[in-house]
There are 4 protein chains.
Amino acid sequence: MSKRVLVAGASGFTGALAAQIVWDHPGLELVAATSRGDAGKRLTDLHSRYRAEIELTELDLENLPEVDAAIVAYPHGAAAPTVAALRERGILVVDLSADFRLRDRETYERWYGQHGAPDLFGAGVYGLSELYRDELREATLVATPGCYPTASVLALAPLAEQGLLGEVFVSAMQGTSGYGRSSDDLVHFSNMTENAFPYKTEGHRHRPEIEQELTALGSPAPVTFVPHLVPLDQGELATCFATLAEATSADAVRGLYAERYADEPFVHVLDGPPNLRAVRATNECHVYVTVEERGRVMAFAAIDNIWKGASGQGVQNLNLMLGLDETEGLL
Amino acid sequence: MSKRVLVAGASGFTGALAAQIVWDHPGLELVAATSRGDAGKRLTDLHSRYRAEIELTELDLENLPEVDAAIVAYPHGAAAPTVAALRERGILVVDLSADFRLRDRETYERWYGQHGAPDLFGAGVYGLSELYRDELREATLVATPGCYPTASVLALAPLAEQGLLGEVFVSAMQGTSGYGRSSDDLVHFSNMTENAFPYKTEGHRHRPEIEQELTALGSPAPVTFVPHLVPLDQGELATCFATLAEATSADAVRGLYAERYADEPFVHVLDGPPNLRAVRATNECHVYVTVEERGRVMAFAAIDNIWKGASGQGVQNLNLMLGLDETEGLL
Amino acid sequence: MSKRVLVAGASGFTGALAAQIVWDHPGLELVAATSRGDAGKRLTDLHSRYRAEIELTELDLENLPEVDAAIVAYPHGAAAPTVAALRERGILVVDLSADFRLRDRETYERWYGQHGAPDLFGAGVYGLSELYRDELREATLVATPGCYPTASVLALAPLAEQGLLGEVFVSAMQGTSGYGRSSDDLVHFSNMTENAFPYKTEGHRHRPEIEQELTALGSPAPVTFVPHLVPLDQGELATCFATLAEATSADAVRGLYAERYADEPFVHVLDGPPNLRAVRATNECHVYVTVEERGRVMAFAAIDNIWKGASGQGVQNLNLMLGLDETEGLL
Amino acid sequence: MSKRVLVAGASGFTGALAAQIVWDHPGLELVAATSRGDAGKRLTDLHSRYRAEIELTELDLENLPEVDAAIVAYPHGAAAPTVAALRERGILVVDLSADFRLRDRETYERWYGQHGAPDLFGAGVYGLSELYRDELREATLVATPGCYPTASVLALAPLAEQGLLGEVFVSAMQGTSGYGRSSDDLVHFSNMTENAFPYKTEGHRHRPEIEQELTALGSPAPVTFVPHLVPLDQGELATCFATLAEATSADAVRGLYAERYADEPFVHVLDGPPNLRAVRATNECHVYVTVEERGRVMAFAAIDNIWKGASGQGVQNLNLMLGLDETEGLL
């Protein structure tokens, strides 16, 4: 029997996609998709590319439909109280915001401000399925990673796990869906076409998240990180440079990656550089690693920022939490 | 000595371009560029592609700097009162809005609502330089045509002047700069890339303007018109179909066009279909005409919608009003 | 049991998509995908967005694998001999080229030159599923319509069937996938971005195909047709103007459309203008019709030019020929 | 009196732009623009965005028109013999190829193969005007730098000159005009839209050029370099990470940049991240530098790859060689 799922915040890019994936999922039933500003509209009228036949409603926590799980696609900070309310009602929650990703309270407060549900701080399992699969099967609250950490950590994990990472530098690029629907001038087509630029050069809050996870894997490397916006819709590339803690050949490094990801359904280790079109509208992560002439590693990971970087990974986590096949509804 | 010019409403796409053209113009001095919402910002910070070294200020009609002329780039309806105030002070005005384009008051009210300066209604000279050059030299108030009428009327004028137009159908396309800076979801890069669509299918207010001008030229043809938005920034194409009032060969039609536009500095009659890149960031209008197998005319006109379709044409008009060379600052 | 299918010419945009759709189709088995120039390569290496795990091979007509049906994606003119050879071996054929679309030999020769299999000329059923469903169920050779005729005829069929069409003018636009993989300068990204243009203004060979079909439906209207290339990959819009043979209200016209397409699985009549993103990578055709103020019809049809305009429609036809559900593998 | 200039190889993206800049240049006369494959065509027919009224001719070294200088826009390897022949005739040469950039013969041969004019090897002055201005004034043969070295070296020069560079990592992105006109599948609009990818991950020949110049400036730092292609036409961004040889504050680093580039006409040090639209179709280089939390430098440089990264810089060099104002024809 299908599990009943609610998607809260379904009018934005990631929430709408989450609703659509749940709609198409053979093991899930989309019971409700909510939105404050767009209640009353059909999902497909907001996002013509989607087909889910559902009308958005307001979320009423006092009169929730009966559901097994919820995916929450609220802005950072706003998510925590709703997540807490849903958890109080015994509902499994996959949160797409940053509110439960960081394990250090001070770091959270520095980058995001006061937490909206202090009692639950740190209660989430970090939803990078490839790293925390066992914990996710038991989880009741999952913090889906940010898109940049997803790509960056998957690009570097096989080295981090061996303690091989020295210094790490990540230059990442992303399409405009990562900027959210609440558009400003910057993502007006007239400004974005034939344009590209770095942003958040003085510090992006995904950096501490990347460091947290590389440290957890065994490589407490300081990370330098800068993101760029490029003129495309969906797609993200992490280009990672790293010095090696000990000299390792390109072949040995490739061997580590091949072995580490051999059984992963969504992570594919390529034998050449990845491209964003290949992963568009998929839950895949394409990884390529090489050691260049100067002995430094270059590791690349390409994902769709709203699929594997948000909603697709969210459903991957939900599959694990609900005991479904991890890939169900995602291939 | 340079003429002193004010640009009112310089934060939007057309106003900013007007300010930049005036800035670069050897015969004009940009005395002030005003904006309500963005006063205090530098033009180049709002529009990084422009280089005019000027800070936007608020327009204060009681303390106007001394200027010879003003270009007003306000929204339709909002322009008229400011235009009237500037005219009262003896300032020559080029208005980029629709407020002084239509000569029939009822038509104006149907499409735009109450007029903001009823006493001045109809007082503007229609600023399609190629049609009204003599009047423009004497004008004190000029209504710069809409972008679609500019392209459509230039595409059809040689036939209209000969009374040769039968039925007219215009399918036009335009880039997102035509949609203005006040973005909605529609022009978010993520929605516009890989997309295109017709809009205002139940009636676009540029249709009566096209009919007005074709009628003035001698062909009171009913016009069917529909615009499309396509994924580019600057550029507009009018694809015009027309039946001929009397059978005319392709060669004869081409001869009419060649003759009509032989001395026009900005209208170039091509011997093959135009393309938008060729006119991008120029004040040119590229026209191509043919008579297809079924005996109907196909006439195409390509312009840059914010240059020849707005601000470039505005300065072309200003040149005429001020007794400067028509092409000054525009080549 | 799955039907065995061969795709001939699988390296181009339409052939590769046909192979991918067959690969994903629950009722079909992709036995071989052939290519002259790219034999030995994997499909996914040529087109990274596809996932079919198949290596392209050369087509050897003397050593064909056992197959029930073939989709032929060869250039016009080149398709006919291979189609004939496949038919001789009793294989059902869906041809994506123009070789079997036209029913008048003289017209064919004028636009395409000498036919490559004269004995089979006219033997194909025109594969616009919505018009020829019954014939398609019995067909052994199907000529899949051109992309522009698909959109244009679906946009106008409800009127044509009632004999209501007067004069017809079609302005269509299409993305660069319609230009084929054998690129010339024109479709280099640097030339196409921020560009758009009409082409084949002196006559496009899809016009006689549109006229053939409107005539067959009961409206022998002369058609004026011009296509445009716009800066996107997949997508096509037909903007059709028509005078009405007798005055008909917008409501009555809409009623005709609603009724005509009520049961069509892929044709959706919208209550507002269509957009290309909504049909991207689908087999849908979105139609909108209105009667504008001058009493003329404007009818729009949006399709994905390589799906409903080529390979998707090809599989829709194949489903009918093989007795499968018409929508199988296409939703 | 104007200096007479020949552009050899004017059909490609950089050669055509060089011809256009010379055409518009008040101090230069475009005497001839040559092309092997496109002789007989007008420049504007090949590149509709340009307006130079010149027909391409074949280069005949035995019957050269009288010229003072030549800009050679040939492929790497093919340029050297023509450069040598022009130099023999006493003509000043600005070469846009790589043939005279490298000062180490072995390095040249490793990356480019046998040199086409061994006697002239190393005879060129490296045409990064900001570094070699004095030498360029005396030069008879100038090797215009590659686009990536232009951006990367300008981004890092103020630190390199102080010996402050530790380890250097450069992630650069570029539009498709950098890929040249001889298109392959990769730059077909259908493949490039909504796509982006790293390339030459196993070693790009611009790396030794960057190392050569940083070493010459005083920082013999090993450089790790990887370029990306992104979906735009003209524009290039170098994102440079560097460790500092000694700890230096962000303010001190910014001071170095401000001072170093204070008098440069084309290099602008910004107080925030650069964007590619701001430098499109200009000879400017926009630089931004910061020191991030981990104490590493991030330095960004944005240029137009065919202007400051090729033809614009070529004319900047030519101005210096001819004793003209360095900025003439380039503002």
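# The mixed sheet of chain A. An open sheet of 7 strands runs in the order β8-β9-β7-β10-β13-β12-β11 in chain A, with mixed pairing. At its edges stand β8 (197-198) and β11 (267-269) of chain A; each has a single partner strand, so one side of each is left without a neighbour in the sheet. Helices (H or I, at least four residues) and strands (E, at least two) are DSSP runs, numbered from the N terminus. Two strands pair if DSSP finds at least two bridges between them. The model is predicted: local features need pLDDT of at least 70, side-chain atom pairs count only at pLDDT 80 or more, and totals for chains, interfaces and linings use all residues. Residues are numbered from 1 along each chain as its sequence is written, chains are lettered from A and ligands numbered from 1 in the order in which they are written, and side-chain values use heavy atoms, with hydrogens and water left out.

View 1. Strand β7 (residues 165-174) of chain A pairs with strand β10 (residues 236-244) of chain A. The sense is antiparallel, over 8 bridges. A:Leu165 has A:Leu244 as its bridge partner in β10(A).

**View 2. The parallel sheet of chain A.** Here 6 strands form an open sheet, ordered β2-β1-β3-β4-β6-β5, and the pairing is parallel. β2 (28-34) and β5 (125-126) of chain A are the edge strands; each has a single partner strand, so one side of each lacks a neighbour in the sheet. β5(A) and strand β6 (residues 141-143) of chain A run parallel, joined by 2 bridges. A:Val125 is bridged to A:Val142 in β6(A).

**View 3. A:Leu120 and its contacts.** A:Leu120 sits in the loop between α4 (105-112) and β5 of chain A. Contact means heavy atoms within 4.5 Å. Leaving aside neighbours within four places in sequence, A:Leu120 is in contact with A:Val83, A:Ala84, A:Arg87, A:Phe100 and A:Leu141. A:Pro222 lies 102 residues from A:Leu120 in sequence and 28 Å from A:Leu120 in space, C-alpha to C-alpha.

**View 4. A β-α-β crossover in chain B.** Strand β1 (residues 3-8) and strand β2 (residues 28-34) of chain B pair in the parallel sense over 6 bridges. B:Val5 is partnered by B:Leu30 in β2(B). Between these strands the chain passes through helix α1 (residues 13-24) of chain B, and the crossover is right-handed. The term applies if, with the strands pointing away from the viewer, the path from the first strand over the helix to the second runs clockwise. β1(B) also pairs with strand β3 (residues 69-72) of chain B, in the parallel sense over 4 bridges. There, B:Ala8 stands opposite B:Val72.

**View 5. The interface of chains B and C.** Chain C gives 50 residues to the contact, and chain B gives 50 residues. Together they bury about 4100 Å², 54% of it on carbon and sulfur atoms. C:Glu194, C:Arg277 and C:Arg296 supply 17% of the area that chain C buries against chain B, more than any other three residues. Buried area is the accessible area (1.4 Å probe) that two parts lose on being put together, summed over both. The count of salt bridges between the two chains is 12. A salt bridge is a side-chain nitrogen of Lys or Arg within 4 Å of a carboxyl oxygen of Asp or Glu. One of them joins B:Arg296 to C:Glu167, with the closest N and O atoms 3.3 Å apart. Strand β7 (residues 165-174) of chain C gives the most to the side of chain C that touches chain B, with 6 residues.

**View 6. The interface of chains C and D.** Each chain contributes to this contact: 19 residues from chain C and 19 residues from chain D. The area buried is about 1600 Å², and carbon and sulfur atoms give 50% of it. C:His188, C:Phe189 and C:Ser190 supply 42% of the area that chain C buries against chain D, more than any other three residues. Helix α7 (residues 189-192) of chain C gives the most to the side of chain C that touches chain D, with 4 residues.

**View 7. A salt bridge between chains A and C.** The structure holds 84 salt bridges over all chains. In one of them, C:Arg51 meets A:Glu284, the closest N and O atoms being 2.9 Å apart. C:Arg51 lies in the loop between α2 (43-46) and β3 (69-72) of chain C, and A:Glu284 in the loop between β11 and β12 (285-291) of chain A.
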